[in-house]
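This report is meant for a reader meeting the structure for the first time, and it moves from one chain to the other and then to what they share. Please keep the sequence and the view at hand while reading.

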Amino acid sequence: MATVTYDAASRIYPGSTKPAVDALNLDIEDGEFLVLVGPSGCGKSTSLRMLAGLEDVDRGAILIDGKDVSNLPPKARDIAMVFQNYALYPHMTVFDNMAFALKLRKTPKSEIERRVKEAAALLNLQEYLDRKPKALSGGQRQRVAMGRAIVREPQVFLMDEPLSNLDAKLRVQTRSQIAALQARLGTTTVYVTHDQTEALTMGHRVAVLKDGLLQQVDTPRNMYDKPANVFVAGFIGSPAMNIKTVKLGDNGAVLGGLAVPLTREAVAKAGEGADGKVTVGFRPEDVQLVGEGDGGLSMTVDLVEELGSDAYVYGRADLDGAEEQFVIRTDGRHTPNMGDTVYLKPQSTPHIFNAATGERIDG
Amino acid sequence: MSSSASTTSTGRPARPAGRGRRKRLTFDRVSFFAVFLGVPLVIFLVFVVSPFVQAIYYSLTDWNGFSATMNFVGAGNFVKLFQDDTFLLSLRNSVILGLVVPFVTIVLALALACVVTIGGSGTGAVRGLRRSSLYRVVSFFPYAVPAVVIGIIWAQIYDPSRGILNAVLTSLGFQRAENYPWLGDSRTAMAATIFVIVWSFVGFYMVLFIAGIRGIDPEIFESARLDGASRVRTAWSLVVPLIRDNVQTAYIYLGIASLDSFVYMAAMNPDGGPQNSTLVMSQDLYITAFTKGQFGYATSMGVMLAVVTLVFAALVFIINGVTGGRDKEGRR
């Protein structure tokens, strides 16, 4: 049990001037499940490996439970990690895989036996203890990797995309198991993923990274409802938010035939350095289809994806002479047809961002 | 062996290969077999098997190598071998080489390979020492030099009065090393020779093991590091078991090479060394055949060398098997 603090921690790979992780500041509370999420190459895995001690911290510091561990070797940090490819020792049985770390610490045999059996029971692995990893399925290997971390009873769990090698169904199942397990053990956990669904469903808080820079840390709810900038808005949520940069009028934004009224302060903030433009975003589900004369934005339907309960409608609309793509979510039982023209109207106030900086504007 | 294992694991009775699905012998198939099986088989029989048979036959005669006639003496040569003190000494020396050279070479090569791949800093990513690629290239140099050249170079280095080794040792204050004949004293001749043979092999086997280690998922080493394994422990508990097949192959190659060792011996100790202390079987064979003109007897030595080599290879396989090298459940 411990807190984890990134204090302006940076990692600059040799031969590169641009930091892979740039002055990351992050406070993770005791017992918290924090998810680091971002696109490939955003520095999320590097951040995790810095915490593990598998990457150097070039500037700043990393603290576990208030103690600076930046220069400590991995084994002195009391952490356990689950790797993407599980990194099981192929020549050892499941039991030995889980017991290895304990043996290295000269834990008494009976204690090792007890802890491994406990972890195996927790993960439904009892009958596989004598097998070697290659005689296990992907899901079982994943559980062994979890078990190996659990028996250590570490201060912090680190997980580097542990579900990315599982098939879709198993991934959803294991996702909830990991979250439940973490809640039960109460161990501080840092979890890396590129999948925003995993991030939203598993984390107590989610940290979004891009190009080595932290974009936003917040609860999944806030992350979804109040993205701090255009990048987070586009990254979190599936299908992605409709984000368009349009003309800024005196009273608000003008989205084709649709006026989006803004307060005076918002207009002022949006106007800063933005050259008369503003970025407007609304989520696919925050849109209503209205009748022709109701002041909606007219869109030609290109494609309808039916998912049973819902349907996603993809289409094009004319914005200031440019064709723009939109996607909206509708009731799966009442969908327009391809080629139809429909009229969109956001149900609530859209998200407004400064077109130059990409920062969120409230109000 | 592997086919019987697979049938027991599936629980189905073994089915003789080819039965039930025998195809008609068309000209196409017959000519295919003739060219791709028949020709190599004939070549193999003529150039590999027949010399073996011939050698075994000669080993049962008293042929002198140049006469047209020879007398069949049965097992006489072999009886004589085991009463021949010189041969028994050479057999002993060969066995010593066969035991010491592979062991020392592999231990050194493994240690160096581990240092170069996972022996670096204890923090940060698992990596080798700095400039490890340089060490790798440099250590490979001896292997690129022909064995006979190595033998000649080291004979010069070991030279009692002009050799660089004694020059260095005396300048360091070891006065006893002055004019010490490393290869001329029966106490050190064998050890000095073994050192040269090991020196010439280590680089190559190091590179071989490095390739093996690089084939292991690096996450495994990172995982071991997080588990708290020291570098030595990682090498012993992970590297050795995971590149076990490479080690076994290396052991057999090295064993065969060192049971022979003819080139090194011929270059450094052409007469068998002081009191025959470095005489090896291949050398005894050579002297018996070409100096003493006893081809039949020399051939029986060759047969013994082949037997010793086969026994060695069998021992390596058995030891590896007994210590759990074969991973039966995983082999399909």
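## Chain A as a whole

Of the 363 residues in chain A, 43% are buried, in what should be read throughout as a predicted model. The chain contains nine helices and 21 strands, and its C-alpha trace spans about 80 × 45 × 35 Å along the principal axes. Among the contacts in chain A with a separation of 6 or more, 66% are between residues 24 or more positions apart.

## Two domains in chain A

Chain A is divided into domain 1, covering 4–234, and domain 2, covering 240–361. The centres of these two domains of chain A, taken over C-alpha atoms, are separated by 38 Å. Where they touch, domain 1 of chain A contributes eight residues and domain 2 of chain A contributes ten residues. On the side of domain 1 of chain A that touches domain 2, the residues divide into five nonpolar, two polar and one charged.

## An enclosed helix in chain A

Helix α1 of chain A runs over residues 44–52, and nine of its nine residues are buried, so this helix is largely enclosed by the rest of the structure.

## The largest nonpolar core

The largest nonpolar core holds 165 residues, and the members that touch the most others are L158(A), V190(A) and A113(B). Helix α8 of chain B, residues 189–214, gives the most to this core, with 13 residues. Domain 1 (4–234) and domain 2 (240–361) of chain A both give residues to the core, so it lies between them.

Leaving aside residues up to four places away in sequence, V190(A) touches L48(A) and L51(A), as well as V4(A), I28(A), L34(A), L36(A), V156(A) and L158(A).

## Where the chains meet

The contact between the two chains involves 20 residues of chain B and 25 residues of chain A. On the side of chain B that touches chain A, the elements giving two or more residues are α9 (218–227) and α10 (231–242) of chain B, and α9(B) gives the most, with seven residues. By class, that side of chain B has seven nonpolar, six polar and seven charged residues.

## Helices and annotations of chain B

An unreviewed UniProt entry annotates residues 91–316 of chain B as "domain: ABC transmembrane type-1". In the model this stretch of chain B is 73% helix and 0% strand, with its end C-alpha atoms 19 Å apart. The unreviewed UniProt entry also places the feature "transmembrane region" at residues 30–57, 95–122, 134–157, 189–211, 250–267 and 295–322 of chain B.

Among those spans, residues 134–157 of chain B are 92% helix and 0% strand, and their end C-alpha atoms lie 25 Å apart. Residues 189–211 of chain B are 100% helix and 0% strand, with end C-alpha atoms 34 Å apart.

Helix α2 of chain B, residues 27–58, has a kink of about 40 degrees centred on L45(B). This helix, α2(B), is hardly covered, since the count of buried residues among its 32 residues is one.

Technical notes. Residues are numbered from 1 along each chain as its sequence is written. Chains are lettered from A and ligands numbered from 1 in the order in which they are written. This is a predicted model: local features need pLDDT of at least 70, side-chain atom pairs count only at pLDDT 80 or more; totals for chains, interfaces and linings use all residues. A nonpolar core is a set of buried Ala, Val, Leu, Ile, Met, Phe, Trp, Tyr and Cys residues joined through C-beta atoms within 7 Å. A residue is buried if 20 or more other C-beta atoms lie within 10 Å of its own, exposed if 12 or fewer, and partly exposed in between; C-beta atoms are placed from the backbone. Helices (H or I, at least four residues) and strands (E, at least two) are DSSP runs, numbered from the N terminus. Domain bounds come from an automatic or database domain assignment. Two residues are in contact if their C-beta atoms, placed from the backbone, lie within 7 Å. Ala, Val, Leu, Ile, Met, Phe, Trp, Tyr, Cys and Pro count as nonpolar, Asp, Glu, Lys and Arg as charged, and the others, Gly among them, as polar. UniProt positions are given in the numbering used here, feature names are shortened, and annotations may be inferred rather than shown by experiment. The bend at a residue is the angle between axes fitted to the seven residues ending there and the seven starting there.
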